[in-house]
Amino acid sequence: MRDPNLILSEKQTLLSRIADQAAAMNMPCYIVGGFVRDLLLGRPVNDLDVIVEGDAIKLGNELVRKFGGKLTPHQKFYTAIWHLPSSFTLHPSSLDLITARTETYKHPGALPTVTPSTIDDDLRRRDFTINAMAVRLDGDHFGELLDPLNGQTDLENKIVRVLHQVLSSMTQLESSAPSAMNSVITSLWNPHPSTRSTLLLFQ
């Protein structure tokens with residue numbers, strides 16, 4: 001997490017400031033998804049998706065108050081986009097602040113009904129096991145890996161395993177999963193048999 005070859009020093013500073021503010025608000029804070037996957041692979045990381053067990057919009061407002069920039073909240077989904085102040089010269093120049101949550105769908109094609117929850121629940125709603133990992137950022141817990149679905153083992157064994165929950169989230173699957181799946185499988189390795197079956201839905 002401290003290697004500037006993998007995480008630019010300015011990104012490390014940004015994450016540190018977010019984590020400190022989250023800790024001051026008693027919100028456990030995590031970096032998730034592709035960031036963790038690429039970090040474990042020893043690749044430079046780009047995506048910054050920050051999840052808190054708490055009110056991400058409230059956190060975002062405090063970050064804007066302290067450091068500047070602009071916040072675009074999405075109340076229905078308990079998320080916000082922090083458009084970074086000019087003091088950060090990062091690309092992209094914004095990042096997502098996300099409340100740990102569960103999602104349910106009334107029917108295929110419906111938008112999700114979002115309920116604030118725990119980081120464990122949030123990771124279990126994701127697409128692949130290798131994207132269902134988080135690293136904690138705040139306080140004495142800095143650097144702790146959360147891996148409830150054994151994504152690190154799949155990463156080490158070069159297995160791409162789809163999570164069954166994806167099949168019940170057809171809106172996300174139809175709009176983003178084919179390109180996401182192709183990208184991950186092309187750049188990584190061998191789809192698990194259950195993943196191959198899912199891919200057939202999009203051929």
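**Entry 1: the parallel pair**

I began with β2 and β5, which run parallel and are joined by four bridges. Two strands count as paired if DSSP finds at least two bridges between them. Helices (H or I, at least four residues) and strands (E, at least two) are DSSP runs numbered from the N terminus.

**Entry 2: what I am reading**

I noted that this is a predicted model, in which local features need pLDDT of at least 70, side-chain atom pairs count only at pLDDT 80 or more, and totals for chains, interfaces and linings use all residues. Residues are numbered from 1 along each chain as its sequence is written, and side-chain values use heavy atoms, with hydrogens and water left out.

**Entry 3: confidence**

I checked pLDDT, the predictor's confidence in each residue on a scale from 0 to 100. The chain has a mean of 84, and 78% of its residues reach 70 or more. Helix α6 (residues 170-187) has the lowest confidence, with a mean of 49, and α3 the highest, at 98. Two stretches stay under 50. Over residues 168-178 pLDDT is under 50, and the model has 17 contacts beyond four places in sequence for them. Residues 197-203 are also under 50, with nine such contacts. Contact means heavy atoms within 4.5 Å. Where pLDDT is low, the predicted coordinates should not be read in detail.

**Entry 4: the sheet**

I traced an open sheet of seven strands with mixed pairing, in the order β3-β4-β5-β2-β1-β8-β9. β3 (70-74) and β9 (145-146) are at the edges with a single partner strand each, so one side of each has no neighbour in the sheet.

β3 and β4 are antiparallel over five bridges, and Leu71 has Trp82 of β4 as its bridge partner. The hairpin of β3 and β4 has four residues between the strands, and Tyr78 in this hairpin takes a positive phi near 60 degrees. β4 and β5 are likewise antiparallel over five bridges; Trp82 stands opposite Leu95 in β5.

Further along, strand β1 (residues 29-32) runs antiparallel to strand β8 (residues 134-136), with three bridges between them. Tyr30 stands opposite Arg136 in β8.

**Entry 5: helices on the sheet**

I then looked at what covers the strands. α1 lies across β1, β2 (49-52), β4 (79-83) and β5 (94-99), and runs at about 145 degrees to β1. α3 also packs on the sheet, where it touches β2, β3, β4 and β5, and its direction makes about 170 degrees with that of β3. Axes are lines fitted to C-alpha atoms, for helices over the stretch in contact, and angles run from 0 to 180 degrees between N-to-C directions.

**Entry 6: α1 against α3**

The axes of helix α1 (residues 9-24) and helix α3 (residues 56-67) come within 10 Å and cross at roughly 120 degrees. α1 and α3 are therefore oblique to each other; angles under 35 degrees count as roughly parallel, over 145 as roughly antiparallel, 65 to 115 as roughly perpendicular and the rest as oblique.

I listed the contact residues: Arg17, Ile18, Gln21 and Ala22 from α1, and Leu59, Glu62, Leu63, Lys66 and Phe67 from α3. By class, this contact has five nonpolar, one polar and three charged residues. Nonpolar covers Ala, Val, Leu, Ile, Met, Phe, Trp, Tyr, Cys and Pro, charged covers Asp, Glu, Lys and Arg, and the others, Gly among them, are polar.

I found a cis peptide bond from His91 to Pro92, with omega near 0 degrees. Pro92 is in the loop between β4 and β5. Asn26, in the loop between α1 and β1, has a positive phi near 60 degrees, in a residue other than glycine.
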